[in-house]
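Colleague: Before going further, please take me through the fold of this protein.

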Amino acid sequence: MKSEQNRAPSPDQPQASKTLTVVEPPASRPAAAPVRPGRELPSSVLTPPVPPPPPHLDDYESIIGAAQVEALRFLAADVKGKTVKMVNSTAVGGGVAEMLNRLVPLLSELEVPTHWEVITGGNDFFEVTKAFHNALHGTEYELTKNAQEIFLMYNEQNLQRMQFEEEVVVIHDPQPAALIRAKARSKAKWVWRCHIDLSNPNPSVWEFLRPCIEKYDAAIFSSQSFARQLPIPQYLFYPCIDPLSEKNKELDDSVIQKVCDEFGIDRSRPIVTQVSRFDRLKDPVGVIEAYKLAKKYVDCQLVLAGGGAKDDPEGSVVLQEVKEAAGNDPDIIILDLPPWCALEINAIQRASALVVQKSLREGFGLTVTEALWKGKPTIAGAVGGIPNQIIHKLTGVLVHSVEGCAFQIRYLLTHPEFARRIGMNGREQVKENFLMTTNVKRWLLLFRILSGSKPSPIPT
Ligand code: UDP
């Protein structure tokens, strides 16, 4: 008979915590562990690698098929030559920069010349916009006059510096939203592309931003539930990943092994990984708690790989909290990676037995998409856009608590066939809905709508 320690409960059991909380905590907790120093990064990742040339449209044929590539060319024909500017607040780190990196060259290759500009701001600006970001995700926040002035002042500075001569201007997220004040002096159609979860925003911040948003010609959200009452057309665009990027391309096993060796990750034992910025809304401390609960039943290592996005001043504080929560457990590997470590993240995700994304709030959760694309059984918080990607127990598993997460870590590590199956389904889900090529198609359709262009006749 299996011991209680090894018996995995049924996945249909309604409340995971019941299974896990029966374990008594150790009689006496060890004294608080000294905060560990950060794990040293291997010298190979200290400087940015030379970026590989961006892929061309034809390179996607092997993944989506020639007919789909041809469909993109067909859709682009009607908006050929239309100029587009994309504006966001960071060139590196975070999902938006990741997407723009690929979208911009692909649209340009389709003869829709697209430029990408990043707004600038001081620490005071990024502190305010980070607070806005959290508040729009629903956290408590008192909007002061000073914060409003800082936000508007930096937007004004950027607006003075920038030109808006393109035919379509796309502003990503709230940070540069007040650039809409330049609309009067431009002939462009203005689009606000919101990547964050606006389903339950802090009212004062949303009411402050709303007059700006209402001036746009259209708004795009990443999920049906993020849409707001607005007097402008709203569109649903799922975010996407690029299957040919350093982050997502296929890797030889020797590359995966080399990366694990460099970071001191033991591939002979199960690896559970969460990749994300050190941000409380990603709940890295909750992941550590879940790992510690699961570890009472199954052997595994936990890798928390992340970095502070440039526009996130809270990052180092949260990293410190994570180190404190990890204590001196040698099986918890915390990697504070520079933003150019895409290949390393790819290798760590591929080396993992499970990927976790235990977010408490989320825009879409590109790290989930990345994990699913790699066929990894994925456990993720049922928030934001994650349920659009994970159909519970079919393409991954959704969790609502530390205990639920711990239960699923334990269950998936002890049911490899079920884990393999949901991993494979997850990959199909991404192929159908969340690849860069589908995103390019959506942009082309939107540009056609905005320009009122009549569709070309379908060739016979
Ligand atoms: N990412 C990264 N390095 C890190 C942390 C995250 O390259 O240290 C990447 C991650 O692989 C993903 C993106 O940043 O592509 C994060 O996007 P997501 O939608 O998951 O979260 P966001 O950071 O935008 O809230």
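Colleague: What percentage of the 460 residues in the protein is buried?

Modeller: This is a predicted model. A residue is taken as buried if 20 or more other C-beta atoms lie within 10 Å of its own. Of the 460 residues in the protein, the buried share is 47%.

Colleague: What is the order of the strands in the open sheet of six?

Modeller: Pairing in this open sheet is parallel. Strand 9 (332-336) and strand 12 (397-399) are its edges, each pairing on one side only. From one strand to the next, the twist averages 20°. Read across the sheet, the order is 9-8-7-10-11-12.

Colleague: Which residue of strand 8 is the bridge partner of Val272?

Modeller: Strand 7 covers residues 271-275 and strand 8 covers residues 301-306. The two pair in the parallel sense over five bridges. The strand 8 partner of Val272 is Leu302.

Colleague: Which strands does helix 12 touch?

Modeller: Helix 12 (residues 366-373) packs on the sheet, and its direction makes about 165° with that of strand 11. The strands in question are strand 7, strand 10 (354-357) and strand 11 (378-381).

Colleague: At what angle to strand 9 does helix 10 run?

Modeller: Helix 10 spans residues 315-326 and lies across strand 8 and strand 9. Its angle to strand 9 is about 165°.

Definitions and conventions:
Residues numbered from 1 in each chain as written. Predicted model: local features only at pLDDT ≥ 70, side-chain atom pairs only at ≥ 80, totals over all residues. Pairing = 2+ DSSP bridges. Helix = DSSP H or I, 4+ residues; strand = E, 2+ residues; numbered from the N terminus. Axes fitted to C-alpha atoms, helices over the stretch in contact; angles between N-to-C directions. Contact = placed C-beta atoms within 7 Å. Buried ≥ 20, exposed ≤ 12 C-beta atoms within 10 Å, placed from the backbone.
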